Amino acid sequence: MTTPTLASTRAELASLLADSRAGGRPVGLVPTMGALHEGHASLIRAARERVARDGERGPVVVSIFVNPLQFGAGEDLDRYPRTLAADLEVCAREGVDIVFAPSVEEVYPGGAPQVVVEPGPVADLLEGRTRPGHFRGVLTVVAKLFGLVRPDVAVFGQKDYQQLVLVRRMVLDLNMGVEVVGAPTVREADGLALSSRNRYLDAEQRDAATALSRLLRVAQHAAEYGPASALAAARAELRAAQGVDLDYLVVTDPDLGELPPHVPPGTEARILVAARVGTTRLIDNLPLVIGRVAATEEES
C-alpha cells in the first residue's frame, strides 16, 4: 500500500503531473467532496483500469473539495463531513497516486467567480427544482478541475445521475476532450445506495430508506409492461413504505428527457427518485428497458 502524494495548491498539482504529461501517460480523475466510502473506492478502481495502457499505468488523481458554490441557503455545507485523514487511507488502499485537496481560496482565487458554467435546461429539472443553482456550482467546479488536472478520463457515479448527464453535456458542448465514465452505484446488502449522507440516518430511518431501492427494483421488473406500469408499480411500493417523504419519482429517457407517447420495446429509460427520510434527503435511480426486465446496473 503506497501513500498517495497530497497536493494542496495548483502549483503542487501541476508539478506532480508534469512527468506524466511529458511522457504521454493517461491521467485519470475522480472528483469527490471527501467522506470517502466503498462507492468512491469503486470509482477509483474504474479510473485505474482506464489509465492502464500497454503495461504502463498513468496516474490517478482524486480531488477532495467541498464546493461551496453548489450548496444553497439552508443546505448542509457546514455539517458536510470533512474526514481527510480517513480519506487518505482509502486512497492509499486503492492505489491513488495524487490527492488534490485544495482550499476554497485555491479553487476560487478571485473570490466568488464572475464567470461560471451555465448548465442549460436539464439543470432546472429534478434536483434543480429543489436546489436552484446547484448544477451551476457543480459544473463550474468540475470545469475548474478539468482545467487543473487535464485528465484523459474522469469517473463519476451513476447514483448522481443528473450530475453525470450534465457533465457529459458540458464536455460535449465545450469540446473538453475528456472521457466521462459513469460507474455503477454501489449498494449495501439490503439495497441502500452508499452515500456520505447515510451517516445522518438513525437505525429506524435507515431501515425506512431501503424503500427507495425496493421501488426502483419493482419498477425494473414492471417495465416489461411499459413505462406507465413501471411508474405505477414504484408508486405502489412507496405507498407501503413508512417515514419516506417523496420529492419526485419519474421515468425519463437516458438523457432525462420525456419519453415519447408510444415507447417501442427495447427502449432504454431511467427511473429516478428523491425523498427525505427524517431530515436527510436521499436520491437513487436505476436503468429500465421498456418491454423487458433490465439488467440491474451497468457501467455507462
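Biologist: Is Arg-214 buried, partly exposed or exposed?
Modeller: Arg-214 is partly exposed, with a relative accessible area of 37%. Buried means under 20% relative accessible area, exposed means over 50%, and partly exposed lies in between (1.4 Å probe, protein chains only). This is a predicted model, in which local features need pLDDT of at least 70 and side-chain atom pairs count only at pLDDT 80 or more, while totals for chains, interfaces and linings use all residues. Residues are numbered from 1 along each chain as its sequence is written, and side-chain values use heavy atoms, with hydrogens and water left out.

Biologist: Where does Arg-214 sit?
Modeller: Arg-214 belongs to helix 8. Helices (H or I, at least four residues) and strands (E, at least two) are DSSP runs, numbered from the N terminus. The C-alpha atom of Arg-214 is separated by 8.8 Å from that of Leu-192, 22 residues away along the chain.

Biologist: A new topic, then: how many cavities of 30 Å³ or more are there?
Modeller: The structure holds one cavity of 30 Å³ or more. A cavity is a set of points on a 1 Å grid over the protein atoms alone where a 1.4 Å probe fits but cannot get out, and its lining residues have an atom within 4 Å of a point.

Biologist: What volume does the largest cavity have?
Modeller: Its volume is about 60 Å³. Grid points are joined across faces, edges and corners, and the volume is the space filled by probe spheres set on the points.

Biologist: Which residues line the largest cavity?
Modeller: Among them are Lys-159, Leu-192, Ser-195, Leu-212, Leu-282 and Asp-284. Helix 8 (203-222) and strand 11 (280-289) each supply at least two residues of the lining, and the largest share, three residues, comes from strand 11.

Biologist: And by class?
Modeller: The lining has six nonpolar, two polar and two charged residues. Ala, Val, Leu, Ile, Met, Phe, Trp, Tyr, Cys and Pro count as nonpolar, Asp, Glu, Lys and Arg as charged, and the others, Gly among them, as polar.

Biologist: Why two directions?
Modeller: In a regular strand the side chains alternate between the two faces of the sheet.

Biologist: Which sheet is it in, and in what order do the strands come?
Modeller: Three strands form an open, antiparallel sheet in the order 9-10-11. Strand 9 (245-252) and strand 11 are the edge strands, each pairing on one side only. Two strands pair if DSSP finds at least two bridges between them.

Biologist: How many bridges join each pair?
Modeller: Strand 9 and strand 10 (residues 268-277) pair over seven bridges, and 10 bridges join strand 10 to strand 11. Asp-245 has Arg-276 of strand 10 as its bridge partner, while Val-273 stands opposite Asp-284 in strand 11.

Biologist: What is the phi of Gly-278?
Modeller: Gly-278 takes a positive phi near 65 degrees in the hairpin of strand 10 and strand 11, which has two residues between the strands.

Biologist: Which residues other than glycine have a positive phi?
Modeller: Ala-35 is one, with phi near 50 degrees; Leu-256 is another, with phi near 75 degrees. Ala-35 is in the loop between strand 2 (28-32) and helix 2 (38-50), and Leu-256 is in the loop between strand 9 and strand 10.

Biologist: Is Leu-256 buried or exposed?
Modeller: Leu-256 is buried, with a relative accessible area of 5%. Ala-35 is buried too, at 1%.

Key: 1 Å grid on protein atoms, 1.4 Å probe; cavity = no way out; pocket = protein on both sides within 12 Å on 5 of 7 lines; lining within 4 Å.
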